[in-house]
Each structure stands twice: as structure tokens, then as C-alpha cells.
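The sequence and structure come first.

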Amino acid sequence: MEPGVVIIGAGHGAGQAALSLRQFGYKGTVTLIGEEDAPPYQRPPLSKAWLAGEVQFQDVLFKPDELWAAQNINLITGCRVTDINCDKKRVQCDDGSSVPYANLIIATGGKARRMDCTGEDLPGVHVLRTLNDASKLKAEMQKGRKLVIIGGGYIGLEVAATARKYGLDVTVLEAENRVLARVAGGELSAFFEQLHHQHGVKIKTSMLAQSFEGQDALTGIRLKNGQLIDADLALVGIGLIPNDDIAAHAGLACDNGIVVDDLCRTSDPDIYAIGDVTRHPNAIYGRSLRLESVHNALEQAKTAAGAIAGREKPYAQVPWFWSDQYDIKLQIAGLSGGHDETLVRGAPDTNRFAVFYFQKGRLIACDAVNAPAEYMAARMMIAKAANPDRVALADLKVPMKEIMRDA
Ligand SMILES: Cc1cc2nc3c(=O)[nH]c(=O)nc-3n(C[C@H](O)[C@H](O)[C@H](O)COP(=O)(O)OP(=O)(O)OC[C@H]3O[C@@H](n4cnc5c(N)ncnc54)[C@H](O)[C@@H]3O)c2cc1C
């Protein structure tokens, strides 16, 4: 059989790329090779509904299991690709097999960043990236246990909210002087700190965790200031490292992620990369980005599959993301980094408001808390680099449709 498309990884992006190839009429062989023992599944519920025990594994599958065979997609799980030979156009797997390709898509995502400190291997210390990680954490989340979360980013805060549902005693340690400091403005950080306080979570900012203490299991976390915080369980939620090592080893251009163009092509024209592992250009922001979001993984998957199937459509998207904590639905459109002006529409104490971020007059991002109309309008206005009227935007009586029309 002629070599077809091989996709390294069997996560969110990989699954979508395989299906999009078929949707775009690609007739060759399509092979997904994933190192996890599971078919493609959705990671967002791992810190939310799945961790809370509200949904089963079947509910978090990316697509029903039988679809892969029905679409004539070879799904190989529990198999790690160890090497890419760009000259011979083959990938080498850890089971000794090697698979030829005409086109390769790298969709390897990333791994949870670790602290690399004393005690990190102690039982009770967790990271959260895979279903396996989530299963181990869930098994230890019993009422009354002390959970310390290192990192006040979205995953850390979502796990804090879920852990409170189980009745754990939860502390969040954040090195910066506010939670969500890397991704949101002060208004949103203050809102989430207050929300977690109301639910009994202790948030300690400007606190640097230094090591884990315990003999046979975790008993505490030592801070840089010498203080010891008692803990039965810890979650290290300090970000992601892109899995770009096999690409770099194969000689593909990498820069904290695999460098791709707007068709998701790497420095080798037969090889594409998609999802969390890519560094890609974004015309709206005029710079290259590495994003960790479902939307980006899905859209880049469609772009790469389209390019391979002869339907080239450059990737040009407003990034978006969401987070669920308690009864709060946060929707984020765009990227707020570099903003020089903010405007709050609605009042945070009503649990329904939106923060709009501007740069040089232009709307670049919006964090919408239980405010879907603001979020949807923001996505559209960001795409057209709009400069909406501030007085109207601050006035809840003026509908978003009107503001958008006039912007
Ligand atoms: C707990 C959690 C909550 C999240 N919540 C949200 C959310 O609310 N909203 C949102 O937009 N995003 C969320 N995300 C991020 C989102 O899940 C990712 O952006 C998305 O999964 C990226 O898809 P991907 O295909 O690039 O990578 P992944 O889904 O990570 O898939 C990559 C796969 O490749 C495999 N792999 C790596 N190297 C190899 C190799 N050499 N050989 C074979 N296989 C390999 C990996 O094991 C993995 O299975 C969350 C992530 C986590 C972990």
C-alpha cells in the first residue's frame, strides 16, 4: 500500500486531523499513533466534570470508539514514536516497528512542567495532563484531606473548585502577586480570588514553593521563605512544556514549540504540526504564538488536513478558551497580554460581567464571566480590530449587538 498520512499523537488535534482528512476527501491511508493507552479524548473535563465524578470516561471520548474504524483510520495506541527520519520519510516506534509516510502531522501536545526539586517523587505529589494523571489524583481526593495546589492558573483553580466539592481542605500557592497573572488582568484575578475565598479555598500569593517534605509520603510543602505548609496531597500546576523533542531531533525548526507557517507546515514541506506543540503566526496579533487550547488544536487540525487534501485555507483565528469553576462560566476571547487599557462592563459582585482589553485603542481581548453575549461580540470585534465606543460599552443598557454594529 502507498504511504499515506501518519499522525504522531492521538489527542484532540490528532483525532480532528484524521477525521478532517476524510471529510476533505483524502483517500490514502491515515494512521494515528498515540503513546497513551486510550483513544482520543477531551482533556478539559479532567480538571472539571470528570474529576468531580459527574461524567464517565465514555462521556469524555473525543468521538465514539467505533468511528475510527468506520472512517478507515488506523488507530494505534500505547505506542510512542521515538524518531522521525525525514530523508527516508519513516517514523520509528518504541515497539520496534517503523511506518512510512507521504505526509506527517505532529500532534504531540505537551507535558506538565515539573518543579525539579526535592521530594517531587513522593506519593501524594501530582501533575495533571493525562487521564492517567487525573485517575491518580481523583483516587486520593477524599474529604478532609489537605490539598496544596502549586500554581494559580486555570488548571490549578479548576482543581481547587472541584476539590472543594469533595470537601478537601484546599490551599493555592501562587508565586506572582495575584492568580491568573500570566493570562488575565487584575480585575479578573481579584474576582477569582474572592470567589475561591467564598468557597473556603486559601489563596496565598507571592509564595514560592521550594520543595516537598515527607519520608514515605508527602507531609508538607516548604516555601522559599522557610514556612512549612502541611499537605497530604499536592498538585503541581505550573504550565506545560511542548513535546517538540522528536521534531527538534529530526532537524525541524523549533522555538519553544515546532515552528509552523499559516498552513501548519514545518520547515520540512511534507511535515505539518498542530495544536499545543506549535509556534505559529497570528495575523491578528502580528506575532507568533504557542497556544494551549482546544479551539487552536481543532482549527489547526482542519488547516493541516486541508493543506494535505488540496484545500489550502490559511489559519487565521481569534484565540478562545473557557474555564468552569463552581457555577461560573468564564469565556475568554483573544489575548490580553500587552494591553494598555481595560474597561469593565457590569459589576463583578453580580457574578456577571466582562473585562475588555485594548491596545492602542483597538480591542484585543475580553474575559466574560457568565456573559456569553459580550464574549461573542468581542470575538467578532477582535477579528476586525474594532475600536468600540467606550461609553456605550460601559453601559449595560446598550445591547452588545448595537455596540458591535457601530464599532
Ligand atoms: C486538565 C486540563 C484542562 C484543560 N481545560 C481546557 C479548557 O477548559 N479549554 C481549553 O480550550 N483547553 C483546555 N485544556 C487544553 C487542551 O486540552 C489542549 O489544548 C488540547 O488537548 C491540545 O490538543 P493537542 O492535540 O495539541 O495535544 P494533546 O491533546 O495533549 O495530545 C497529544 C497526544 O500526543 C501524545 N504524544 C506525545 N508524544 C508522542 C510520541 N512521541 N509518540 C506518540 N504519541 C505522543 C501525548 O501522549 C498525547 O496523548 C486543558 C488541558 C488540561 C490538561
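**Cysteines**

- The sulfur of Cys-264 is too far from other cysteine sulfurs for a bond, because the closest, in Cys-254, is 15 Å away.
- Cys-264 has 0% relative accessibility and therefore counts as buried (buried means under 20% relative accessible area, exposed over 50%, partly exposed in between, with a 1.4 Å probe and protein chains only).
- The whole structure contains zero disulfides, a disulfide being a pair of cysteine sulfur atoms within 2.5 Å.
- Cys-93 is likewise in no disulfide, and its nearest cysteine sulfur, that of Cys-79, is 3.7 Å away.
- Cys-93 counts as buried, because its relative accessibility is 4%.

**Basis of the values**

- This is a predicted model, in which local features need pLDDT of at least 70 and side-chain atom pairs count only at pLDDT 80 or more, while totals for chains, interfaces and linings use all residues.
- Residues are numbered from 1 along each chain as its sequence is written, and side-chain values use heavy atoms, with hydrogens and water left out.

**Ligand site**

- There are 33 residues around the ligand, and Gly-13, Glu-36, Lys-48, Arg-129 and Asp-276 come nearest (a residue is near a molecule or strand if one of its heavy atoms lies within 4 Å of it).
- The shell divides into 14 nonpolar, 11 polar and eight charged residues (Ala, Val, Leu, Ile, Met, Phe, Trp, Tyr, Cys and Pro count as nonpolar, Asp, Glu, Lys and Arg as charged, and the others, Gly among them, as polar).
- The ligand lies between domain 1 (5-111 + 240-308) and domain 2 (114-236), because both give residues to the shell around it; the domain bounds come from an automatic or database domain assignment.
- A polar side-chain atom of Arg-129 lies 2.7 Å from a ligand oxygen atom.
- For Trp-322, a backbone N or O atom lies 3.0 Å from an oxygen atom of the ligand.
- The protein covers 97% of the 990 Å² of accessible area that the ligand has on its own (Shrake-Rupley method, 1.4 Å probe).
- Two or more residues of the shell come from each of α1 (12-23), α8 (294-308) and β22 (320-325) (helices, H or I, of at least four residues and strands, E, of at least two are DSSP runs, numbered from the N terminus).

**Asn-225**

- Asn-225 sits in the loop between β14 (220-223) and β15 (228-230).
- Asn-225 counts as exposed, because its relative accessibility is 51%.
- The side chain of Asn-225 reaches the backbone nitrogen of Gln-227 at 2.9 Å.
- Asp-169 is 56 residues from Asn-225 along the chain, and their C-alpha atoms are separated by 22 Å.

Key: A polar contact is a pair of N or O atoms within 3.5 Å; within protein, one must be able to donate a hydrogen and the other to accept it, and residues adjacent in sequence count only if both atoms are side-chain atoms.
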